[in-house]
Structures are given as C-alpha cells and as structure tokens.
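Biologist: Before we talk, please put the model up. I would like to go through helix packing and then the ligands.

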Amino acid sequence: MRPISVAIDGPAGAGKSTVARQVAEHLHLTYVDTGAMYRAVTFEALRLDVDVTDEGAVARLAKHMDIALKPSKGEVDVFVNGRQVTRDIRTPEVTSHVSAVAGNPQVRKILVKKQREMGKNGGVVMDGRDIGTHVLPDAELKVFLTASIDERAQRRYEELVRKGYRVDWDQLKEEIRLRDEKDQNRKHSPLKPAEDAIHLDTTGRSVPEVVQAILELSRTKVGGGE
Ligand code: CDP
Ligand code: CDP
C-alpha cells in the first residue's frame with residue numbers, strides 16, 4: 001500500500017515546520033521543509049555575492065547546488081554541496097532576501113523538480129507555500145495552516161530572542177506582513193490554499209493540539225483513499 005503524502009501550506013509563523021516535523025514523526029513519514037531549500041539558494045547567492053535579483057545567475061547557482069535535508073535529533077539539518085548550513089539559512093539577512101529568490105520562476109522550476117522527486121513514492125509530509133496547489137497536487141491530505149498576524153509575529157519574536165537576536169517587535173511584524181504579501185501576490189505559484197485543502201486556524205492553539213488535529217485528519221486518509 002502506498003504511504004500517504006501530506007501537504008502543509010500557509011503564511012510565515014503559522015507553525016508549519018514545527019507541526020509538519022512532528023506529524024511526520026508520528027506517522028513514520030519523511031519531513032520535507034521546502035522553505036529551507038529557497039533559503040539555501042538565497043544563502044548561497046549572498047555568500048557568493050550573486051545579485052539575488054539576477055534571475056539567470058541565481059538559477060545557474062541553484063541548478064548546480066546539491067541540497068540535502070537530513071533528520072537529526074528531532075530537527076532537520078540542511079547541507080549545500082556537503083556543507084552544513086542549518087543555522088546560516090535562518091538569519092534575518094537571508095529572510096529579508098528570500099522573497100526575491102522565491103519569485104524567480106527558473107529557481108522555482110529547479111526546486112519543484114527536486115521536491116517532486118522526493119515525494120514521488122508518497123510517504124512525505126511537505127511544508128511550504130505551493131505544495132497543495134503545485135508541488136503535490138495529488139497529496140491525500142492538504143492542510144492550510146493560519147494564525148493571526150499578531151500571534152505569528154509573537155511566535156517568531158520569541159524564537160529569535162531565544163536564539164539571541166535583538167529584535168524590534170513592530171519591525172518584525174511588518175517584515176512578516178510584507179513577506180506574506182509578496183508570497184501571496186507573486187506571479188508564479190503564489191501562496192494560496194488548494195481548493196481541497198482543510199483550513200486550520202492555529203491562533204491560541206498549542207503545537208500538540210494542532211499536531212493531534214492533523215493526525216486525526218490523516219486517519220481518514222490512511223492507505224491513500226477515504
Ligand atoms: O519559516 P518561514 O515561514 O519564515 O519561511 P520558510 O518556510 O522557511 O520559507 C521562506 C520563504 O521561501 C517564503 O517566504 C517563501 O517566499 C519561500 N517559499 C516558497 O516560495 N515556496 C515554498 N514552497 C516554500 C517557501
Ligand atoms: O514554519 P512556519 O513559519 O509556519 O512556523 P514555525 O517556524 O514552525 O513556528 C514558529 C514558532 O511558533 C515555533 O517556535 C513554534 O514552536 C511556535 N508555534 C506555536 O507556538 N504554536 C503553534 N500552534 C505552532 C507553532
């Protein structure tokens with residue numbers, strides 16, 4: 001029996017990666033963080049001084065990058081051409097340039113091909129912006145996670161403070177709002193729920209509650225059918 005695939009999309013800070021990773025663990029599926037792949041390309045472009053708005057140059061870079069996602073102690077380590085970049089791809093600098101890279105249709109084509117390859121036999125929980133609509137349109141379960149902008153900003157704020165960054169709450173909230181707006185309005189594969197996605201508003205809900213809700217939904221899909 002082919003294992004199911006779960007697509008989880010939504011705006012920044014909705015809890016996609018935290019929840020997707022735990023759902024994958026419970027269901028013994030492979031977690032694929034597609035945002036990490038766009039971040040990895042962005043990090044490489046910045047590191048090599050490639051202009052992130054130069055579509056051809058960034059696409060050439062992406063084409064020759066080997067991006068590996070490896071589970072490690074409940075987290076996912078990210079490697080580019082064998083070099084560990086797990087922390088490097090989460091800096092505010094990468095976050096502020098990632099929308100330009102994600103809006104590049106040539107880069108999207110290259111990364112979507114890799115993502116479909118990872119999901120071709122089912123058995124993945126994949127999170128991102130276009131998973132249910134474009135990358136895995138046949139996923140058995142599609143979830144669109146949201147939360148209020150204030151709660152999403154607060155979650156990100158706490159996460160950054162925990163990591164030792166000094167952050168201005170209002171500025172962070174504005175950056176998140178702007179990144180969502182760019183993701184929703186870009187021409188290629190914008191952030192939007194698939195028609196058959198189940199919407200889950202996670203405002204005021206804990207991580208375990210959201211994980212349980214998705215696990216319950218997945219029970220109706222086991223084996224790939226209803
Ligand atoms: O974790 P966070 O919500 O900050 O973002 P992420 O999932 O790491 O994704 C970073 C950026 O990559 C997003 O803001 C999107 O611009 C882009 N992205 C995308 O376009 N398509 C995806 N499937 C995943 C991410
Ligand atoms: O991947 P995405 O940007 O959607 O969000 P995330 O990076 O998984 O979650 C951002 C933060 O919110 C993490 O520190 C989670 O622990 C937290 N979170 C939460 O407090 N309550 C939830 N229901 C989901 C996530």
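Biologist: Which residues of α7 meet α8?
Modeller: This is a predicted model. On the α8 side, the partners are W169, L172, K173, I176, R177, R179 and D180. On the α7 side, the residues in contact are I149, D150, R152, A153, Q154, R156, Y157 and L160.

Biologist: How does that contact divide by class?
Modeller: Take the contact of α7 with α8 as a whole. One residue is polar. The rest are seven nonpolar and seven charged.

Biologist: Are α7 and α8 oblique or parallel to each other?
Modeller: Helix α7 covers residues 149-162, and helix α8 covers residues 169-185. Their axes lie 9 Å apart, at an angle of about 120 degrees. Angles of 65 to 115 degrees would count as roughly perpendicular, and over 145 as roughly antiparallel. The pair is therefore oblique.

Biologist: Is the crossing of α7 and α8 left-handed or right-handed?
Modeller: Handedness is a separate matter from the angle. Here α7 passes α8 in a crossing that is right-handed.

Biologist: On to α2. Which of its residues touch α5?
Modeller: Helix α2 spans residues 34-47 and helix α5 spans residues 105-119. The axes come within 11 Å and cross at roughly 140 degrees, in a right-handed crossing. From α5 come V107, R108, L111, V112, K114, Q115 and M118. From α2 come T34, M37, Y38 and V41.

Biologist: How many nonpolar residues does the contact of α2 with α5 have?
Modeller: Two residues of this contact are polar and two are charged. The nonpolar count is seven.

Biologist: Are α2 and α3 perpendicular or parallel to each other?
Modeller: Helix α3 runs over residues 55-63. Its axis and that of α2 come within 10 Å and cross at roughly 115 degrees. The band for this class is 65 to 115 degrees. The two helices are therefore roughly perpendicular.

Biologist: Which residues of α3 meet α2?
Modeller: The crossing of α2 and α3 is right-handed. The contact has five nonpolar residues, no polar ones and one charged. From α2 come V41, E44 and A45. In α3 they meet V58, L61 and A62.

Biologist: Now the ligands. Which residues are closest to ligand 1?
Modeller: Ligand 1 is surrounded by 19 residues. The closest are R39, D130, R156, R179 and D183.

Biologist: How far is a nitrogen atom of ligand 1 from an N or O atom in the side chain of T34?
Modeller: T34 is also one of the α2 residues in contact with α5. R108, on the α5 side of that contact, has a side-chain N or O atom 2.8 Å from an oxygen atom of ligand 1. For T34, the distance to the nitrogen atom is 3.0 Å.

Biologist: And ligand 2: which residues come nearest?
Modeller: Around ligand 2 there are 16 residues. Nearest are K16, S17, T18, R156 and R205.

Biologist: How far is an oxygen atom of ligand 2 from an N or O atom in the side chain of R156?
Modeller: R156 belongs to the contact of α7 with α8. An N or O atom of its side chain lies 2.8 Å from an oxygen atom of ligand 1. For ligand 2, the distance is 2.7 Å.

Methods. Residues numbered from 1 in each chain as written. Chains lettered and ligands numbered in written order. Predicted model: local features only at pLDDT ≥ 70, side-chain atom pairs only at ≥ 80, totals over all residues. Heavy atoms only, no water. Axes fitted to C-alpha atoms, helices over the stretch in contact; angles between N-to-C directions. Helix = DSSP H or I, 4+ residues; strand = E, 2+ residues; numbered from the N terminus. Left-handed = near helix turned anticlockwise from the far one by under 90°. Contact = heavy atoms within 4.5 Å. Nonpolar A, V, L, I, M, F, W, Y, C, P; charged D, E, K, R; others polar. Near = heavy atom within 4 Å. Polar contact = N/O pair within 3.5 Å; in protein donor to acceptor, adjacent residues only side chain to side chain. Parallel < 35°, antiparallel > 145°, perpendicular 65-115°, else oblique.
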